Amino acid sequence: MNMSSPTIGFVSLGCPKNLVDSERILTELRTQGYQVVPSYDNADLVIVNTCGFIDSAVQESLEAIGEALHENGKVIVTGCLGAKQDQIRKVHPKVLEISGPHSYEAVLTHVNKYAPKPAYNPFTSLVPEQGVKLTPKHYAYLKISEGCNHRCTFCIIPSLRGDMSSRPIGNVLDEAKRLADSGVKELLVIAQDTSAYGVDINNRTNFWNGMPLKTNIQTLCEQLASLGIWIRLHYMYPYPSVDDLIPLMTDGKILPYLDVPLQHASPSVLKSMKRPGTIDKTLERIHKWRDICPDITLRSTFIVGYPGETEKDFEILLDFLMQAQLDRVGCFPYSPVEGAAANELANQIPDAVKQQRFDRFMQLQQTISTQKLQAKIGQTLDVIIDEVDEEGAIGRSMADAPEIDGVVYLNDEKNVNVGDIVPVNIEHSDEYDLWGTVQQ
Ligand code: SF4
């Protein structure tokens with residue numbers, strides 16, 4: 001890199017969707033000839049890409065801005081919390097500029113203003129063939145739409161990111177192909193509401209490789225399957241149309257894995273949350289999916305202690321967990337988010353009750369998870385390797401998404417490389433993880 005390139009410090013907070021925004025900003029910075037540096041000290045400018053989803057994320061974002069101001073002084077802020085300019089300015093009046101989520105052009109304009117773009121240089125101004133990736137080389141997030149058309153009462157994403165806006169299918173497939181060609185072995189398909197992909201643009205037909213394709217999740221998955229890499233679906237609402245994706249899993253075209261955020265099971269809590277769909281239908285659907293694809297891994301997240309949640313509502317949730325036997329489950333005690341409609345609801349639950357319900361929930365799910373993992377002992381599973389060090393290797397089976405699910409430990413294994421997919425004989429399990437050895 002040319003030594004006269006302006007240097008930019010960068011911090012990315014929050015969810016995978018924000019990480020994808022960061023990758024795009026970094027790609028554009030690199031395209032313009034900027035140098036992204038690991039420390040703030042000598043940077044010409046620092047960008048903080050913030051999260052504003054829950055209060056603890058807001059706090060973390062404000063602290064990250066404070067740290068950058070302290071260590072460098074020249075800071076621009078973007079991302080979800082950027083939609084609440086006043087809140088940032090109140091704590092950090094010295095921030096130079098603020099923009100909201102996915103405001104790539106505004107970020108670039110702000111950067112150009114405070115750290116002028118380097119003059120054209122044939123070496124620094126080359127458009128990178130492959131965008132900047134913040135995930136390891138062997139997996140990548142593929143964001144297929146922005147924003148959300150739902151209005152869940154506990155969430156402020158629609159006010160931060162706007163209504164749903166789907167990317168054209170040809171554009172998504174171009175990116176997926178480029179990632180696969182560059183060595184990515186696993187694509188994690190994400191959006192706020194992945195199953196609704198294309199609905200906002202009436203499933204418009206778009207071209208890819210000369211083929212007319214409808215913009216919808218079914219067509220996208222069928223085409224992604226042709227890349228021959230692992231395709232994992234996240235944030236899938238259990239709409240009836242999802243049933244048609246399950247045969248692709250049975251046929252091994254996409255991973256038999258569905259991340260379905262359900263949030264609760266009691267009809268009255270779901271109604272108060274303004275969540276789409278009914279839980280009876282969801283349970284029916286789960287059984288149907290398992291009939292078509294017995295190996296499917298189902299993941300979900302739930303909120304306990306939501307305002308107005310009675311002991312009866314909570315027991316309905318525990319009963320649902322027993323019946324659904326989900327493989328992977330995340331749970332959060334409800335925490336208010338500034339600006340969310342749920343803050344105005346009556347009957348806020350005391351923290352001690354929230355914590356007690358959280359503990360009861362996790363205890364039950366731990367038992368289910370332990371039994372499910374025990375049943376894998378003796379099986380041979382394909383495992384993608386994430387890390388190799390002097391103690392051995394760590395990987396994930398098809399049932400495990402990075403960061404949020406369990407792992408497979410391969411103690412003392414040194415003959416594998418990051419990104420390899422190897423058959424592993426499973427020998428041991430605990431509540432969340434597996435242990436095994438590579439099949440010879
Ligand atoms: S579906 Fe609900 S929780 Fe998810 S982003 Fe949209 S409004 Fe928020």
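**Sheets, barrel and ligand shell in a predicted model**

Strand E9 and strand E12 (residues 230-233) run parallel and are joined by four bridges. Strands pair if DSSP finds at least two bridges between them. Helices (H or I, at least four residues) and strands (E, at least two) are DSSP runs, numbered from the N terminus. The model is predicted: local features need pLDDT of at least 70, side-chain atom pairs count only at pLDDT 80 or more, and totals for chains, interfaces and linings use all residues. Residues are numbered from 1 along each chain as its sequence is written, and side-chain values use heavy atoms, with hydrogens and water left out.

Five of the five residues of E9 are buried. Buried means under 20% relative accessible area, exposed over 50%, and partly exposed in between (1.4 Å probe, protein chains only). In a regular strand the side chains alternate between the two faces of the sheet. Both faces of E9 are covered. Glu-186, Leu-188 and Ile-190 are buried on one side, and Leu-187 and Val-189 on the other.

Ser-145 lies in strand E7 (residues 145-146). Ser-145 counts as buried because its relative accessible area is 2%. Contact means heavy atoms within 4.5 Å.

A further sheet is open and parallel, with five strands in the order E2-E1-E3-E4-E5. Its edge strands are E2 (35-37) and E5 (97-98), each pairing on one side only. Three bridges join strand E1 (residues 7-12) to E2 in the parallel sense. Gly-9 stands opposite Val-37 of E2. Helix H4 (residues 104-114) packs on this sheet and touches E1, E3, E4 and E5. The direction of H4 makes about 175° with that of E4. Helix H1 (residues 16-31) lies across E1, E2, strand E3 (45-50) and strand E4 (75-79). H1 runs at about 170° to E1. Axes are lines fitted to C-alpha atoms, for helices over the stretch in contact, and angles run from 0 to 180 degrees between N-to-C directions.

Another five strands close into a barrel of mixed pairing, in the order E16-E17-E18-E20-E19. Neighbouring strands of this sheet are turned by 50° against each other on average, direction ignored. Strand E17 (residues 392-397) and strand E18 (residues 408-411) are antiparallel and share four bridges. Ile-394 stands opposite Tyr-409 in E18. Val-408 is also found in strand E18. Val-408 counts as buried because its relative accessibility is 0%. Beyond neighbours within four places in sequence, Val-408 has contacts that include Val-383, Ala-393, Ile-394, Val-424, Ile-426 and Leu-434. The C-alpha atoms of Val-408 and Gln-323 are 27 Å apart, across 85 residues of chain.

Asp-405 is found in the loop between E17 and E18. Asp-405 counts as buried because its relative accessibility is 13%. Its side chain forms a polar contact of 2.6 Å with the side chain of Arg-299. A polar contact is a pair of N or O atoms within 3.5 Å; within protein, one must be able to donate a hydrogen and the other to accept it, and residues adjacent in sequence count only if both atoms are side-chain atoms. A polar side-chain atom of Asp-405 also lies 2.8 Å from the backbone nitrogen of Ala-401. Neighbours within four places aside, Asp-405 is in contact with Tyr-257, Arg-299, Arg-328, Ala-399 and Asp-400.

Asn-216 is found in the loop between strand E11 (211-214) and helix H7 (217-225). Its side chain reaches the backbone nitrogen of Gln-218 at 3.2 Å. The backbone nitrogen of Thr-219 lies 2.7 Å from a polar atom of the Asn-216 side chain.

The residues around the ligand are Cys-148, His-150, Cys-152, Phe-154, Cys-155, Ile-157, Pro-158, Gln-192, Tyr-237 and Arg-275. A residue is near a molecule if one of its heavy atoms lies within 4 Å of it. The shell divides into seven nonpolar residues, two polar and one charged. Ala, Val, Leu, Ile, Met, Phe, Trp, Tyr, Cys and Pro count as nonpolar, Asp, Glu, Lys and Arg as charged, and the others, Gly among them, as polar.
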